[in-house]
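Here is a friendly briefing on the side-chain contacts of one protein chain. Please keep the sequence and the 3D view open while you read.

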Amino acid sequence: MSVSPVSSSPLPPPAAPAPDHAPTQAELLDFVRRTAADTELIASLPLDPEGRTWVRLTGPGGSEAWLIGWPPGTGTGWHDHADSIGAFLTASGELKENALAARLPTDGWRTLELTDGVDRERRLAAGQGRAFGRHHVHEVLNDSPDRHAVSVHAYYPPLPRIRRYSRSGQVLRLEQVELPEDWQ
C-alpha cells in the first residue's frame with residue numbers, strides 16, 4: 001500500500017466560530033460533519049487509484065484535521081492516537097472501523113492478550129461518523145472492491161504520536177511508534 005500526501009498547506013474549514021477552549025469530542029465531530037458537507041472541498045481532493053491521499057486542514061481550537069481519500073481495498077492497520085481525542089466522518093463512499101472496546105495500558109508493553117468480546121465493528125456510510133477518546137485502538141478500512149471513500153478527521157491536541165499494532169487472533173503487538181515528523 002502506498003500513501004502519498006497531496007498537499008501540506010492548510011485549507012480553511014467551513015466557517016464556524018472557533019472555540020476559546022480546547023475542543024471537545026462533540027465539537028470535533030461537529031467540525032468533521034460541517035467539513036464533510038462542503039461538497040466543493042470534498043470534490044477537490046485528488047484520488048489516487050492505489051494509495052491514500054490527504055490534505056491537511058485547519059481544525060477548530062488548534063486541532064489537527066485531515067481530508068483523506070481511500071482507494072478500494074486500503075486501510076490504516078491497527079493504531080491509536082495516543083493522548084489525543086478525535087472524530088472522523090465519511091464524506092463519500094463507506095468506511096469500516098474495527099475497534100477494541102477495552103482500555104489498553106498506555107506504555108510499557110509490547111504484546112497483549114485480548115479478552116473475548118472486545119471487538120467492535122462499525123460501518124460508516126456517507127454522512128456517518130464517530131468521536132473517540134484518548135488511546136482508542138482501531139483500524140479504518142475501505143473494503144469496497146471498486147469505490148473510493150473520502151473522510152474528514154480531527155484530533156486534539158494535535159497528534160503527539162501514533163502507535164501502530166499488528167494483530168493475530170487475540171494477540172495485539174506494538175510494532176512501531178510514529179512521531180509527527182514521520183507523516184508531515
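A charge sits over a ring if NZ of Lys or CZ of Arg is within 6 Å of the ring centre and within 35 degrees of the ring normal. In this chain, the charged end of R52 sits over the ring of W70, at 5.0 Å from the ring's centre. You are looking at a predicted model, in which local features need pLDDT of at least 70 and side-chain atom pairs count only at pLDDT 80 or more, while totals for chains, interfaces and linings use all residues. Residues are numbered from 1 along each chain as its sequence is written, and side-chain values use heavy atoms, with hydrogens and water left out.

**Salt bridges**

- A salt bridge is a side-chain nitrogen of Lys or Arg within 4 Å of a carboxyl oxygen of Asp or Glu, and by this rule the count is 12 salt bridges.
- One of them joins E94 and R123, whose closest N and O atoms are 3.4 Å apart. This pair links distant parts of the chain, as E94 belongs to strand β7 (residues 94–100) and R123 to strand β9 (residues 119–125), 29 residues apart.
- Strands such as these, like helices, are DSSP runs numbered from the N terminus: a helix (H or I) has at least four residues and a strand (E) at least two.
- Buried means under 20% relative accessible area, exposed means over 50%, and partly exposed is in between (1.4 Å probe, protein chains only). E94 is partly exposed because its relative accessible area is 34%, and R123 is partly exposed at 38%.
- D119 and R167 also meet through their side chains in a salt bridge, with 2.6 Å from N to O. D119 lies in strand β9 and R167 in strand β13 (residues 162–168), so this pair ties together parts that are 48 residues apart in sequence.
- D119 has a relative accessible area of 37%, so D119 is partly exposed; R167, at 23%, counts as partly exposed too.
- Another salt bridge brings together the side chains of R173 and E175, at 3.8 Å from N to O.
- Shared partners join the salt bridges of E94, K96, E121, R123 and D143 into one network.

- A pair of aromatic rings is described by the distance of the centres and the angle of the planes.
- Rings of Phe, Tyr and Trp (its six-membered ring) pair if their centres lie within 6.5 Å; planes under 30 degrees apart count as stacked, over 60 as edge-to-face and the rest as tilted. This rule gives three aromatic pairs.
- F88 and F132 have ring centres 6.5 Å apart and planes at 55 degrees, so this pair is tilted. F88 lies in strand β6 and F132 in strand β10, so the pair ties together parts that are 44 residues apart in sequence.
- Both F88 and F132 are buried.
- W109 and Y165 make a stacked aromatic pair, with 5.7 Å centre to centre and 5 degrees between the planes. This pair also links distant parts of the chain: W109 is in the loop between β7 and β8, and Y165 is in strand β13, 56 residues apart.
- W109 counts as buried because its relative accessibility is 12%, and Y165 counts as buried at 8%.
- F88, F132 and Y155 form one aromatic cluster.
- Two strands pair if DSSP finds at least two bridges between them. Strand β6 (residues 85–92) pairs with β10 in the antiparallel sense over four bridges, and R130 in β10 is the bridge partner of F88.
- Strand β10 (residues 129–132) has R130 and F132 on its covered face, with G129 and A131 on the uncovered one.

**Two buried residues**

- Is L114 buried or exposed? L114 counts as buried, because its relative accessibility is 8%.
- L114 is in the loop between β8 (111–113) and β9. Apart from residues up to four places away in sequence, L114 touches L100, L104, R167, Q170 and L172, where contact means heavy atoms within 4.5 Å.
- N142, in strand β11 (residues 138–142), counts as buried because its relative accessibility is 1%.
- A polar contact is a pair of N or O atoms within 3.5 Å; within protein, one must be able to donate a hydrogen and the other to accept it, and residues adjacent in sequence count only if both atoms are side-chain atoms. The side chain of N142 reaches the backbone oxygen of W70 at 2.9 Å, and a polar atom of that side chain lies 3.3 Å from the backbone oxygen of P71.
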